[in-house]
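Dear colleague,

Please find the structure below, handed over for your records.

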Amino acid sequence: MFKLPDLSYDYDALGKYISKDIMVLHHTKHHQGYVDKLNAALEGQSELQGKTLEELLVSYEQLPETVKAAVRNQGGGHYNHSLFWQWMSPNGGGEPSGQLAADIIEKYGSFQAFVDEFSAKALGVFGSGWVWLQPDLSIATTSNQDTPILLGQPEPLLGLDVWEHAYYLDYKNKRDDYVKAWWNVVNWDFVESRSAR
Ligand code: MN
């Protein structure tokens with residue numbers, strides 16, 4: 001059975017940028033919902049229940065048709081959100097350092113140019129989806145809860161949830177304000193730890 005992971009900070013810890021109301025709703029209702037629906041879909045399938053979430057997502061094409069949609073949508077949602085909480089921190093914001101910073105500047109010209117391009121991609125997602133920083137430092141988007149590893153791509157370094165449920169309570173329809181605020185909580189230490197693997 002998959003479980004909702006705890007946050008490593010309090011629900012109100014990002015409050016200046018992402019309110020406690022959003023964090024509680026997003027974690028205890030939306031993320032919990034993905035976990036519950038994934039578990040329900042795998043009920044009675046002991047072979048699939050023995051697999052890790054990553055194994056299920058990576059082997060998506062080979063899964064029985066009866067569970068494919070649940071793994072893609074609910075499993076993807078569980079995977080994406082489990083990372084998303086870690087990609088944010090009350091001590092976040094600023095810029096990356098070390099090799100990652102150097103590589104971003106080499107590819108984009110400046111850190112701000114990278115932020116601008118990532119933000120533009122976030123605003124360009126039609127409907128619900130995610131924006132990703134890939135290990136080769138390209139920026140990709142997916143729809144719904146599609147996650148890069150389900151699509152045969154490597155594990156992303158960083159991802160941003162641009163579903164309305166991630167910002168509507170605070171920012172209403174203004175996704176651009178949400179994206180602007182989100183940069184203030186990005187946990188670059190975690191991003192750097194993923195890029196160094
Ligand atoms: Mn979400």
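Asp146 forms a salt bridge with Arg72, and their closest N and O atoms are 2.8 Å apart. A salt bridge here is a side-chain nitrogen of Lys or Arg within 4 Å of a carboxyl oxygen of Asp or Glu. The pair joins distant parts of the chain, 74 residues apart: Arg72 belongs to helix H4, while Asp146 sits in the loop between strand S2 (139–143) and strand S3 (158–161). A search of the whole structure finds five salt bridges, and the rule finds one across the interface of domain 1 and domain 2.

Please note that this is a predicted model, in which local features need pLDDT of at least 70 and side-chain atom pairs count only at pLDDT 80 or more, whereas totals for chains, interfaces and linings use all residues. Residues are numbered from 1 along each chain as its sequence is written, and side-chain values use heavy atoms, with hydrogens and water left out.

The domains

Domain 1 covers 20–84 and domain 2 covers 98–195; these bounds come from an automatic or database domain assignment. Their C-alpha centres lie 21 Å apart.

The interface

In all, 19 residues of domain 1 are in contact with 23 residues of domain 2 (contact means heavy atoms within 4.5 Å). The two domains bury about 1,700 Å² between them, with 64% of it on carbon and sulfur atoms; buried area is the accessible area (1.4 Å probe) that two parts lose on being put together, summed over both. Ile22, Asn80 and Phe84 supply 34% of the area that domain 1 buries against domain 2, more than any other three residues.

Nine residue pairs, both members at pLDDT 80 or more, are in polar contact between domain 1 and domain 2. A polar contact is a pair of N or O atoms within 3.5 Å; within protein, one must be able to donate a hydrogen and the other to accept it, and residues adjacent in sequence count only if both atoms are side-chain atoms. On the side of domain 1 that touches domain 2, helix H1 (20–42), helix H3 (53–58) and helix H4 (65–86) each supply at least two residues. The largest share, nine residues, comes from H4.

The overall fold

The protein chain contains nine helices and three strands. Helices (H or I, at least four residues) and strands (E, at least two) are DSSP runs, numbered from the N terminus. Along its principal axes, the C-alpha trace spans about 50 × 35 × 30 Å.

With kind regards
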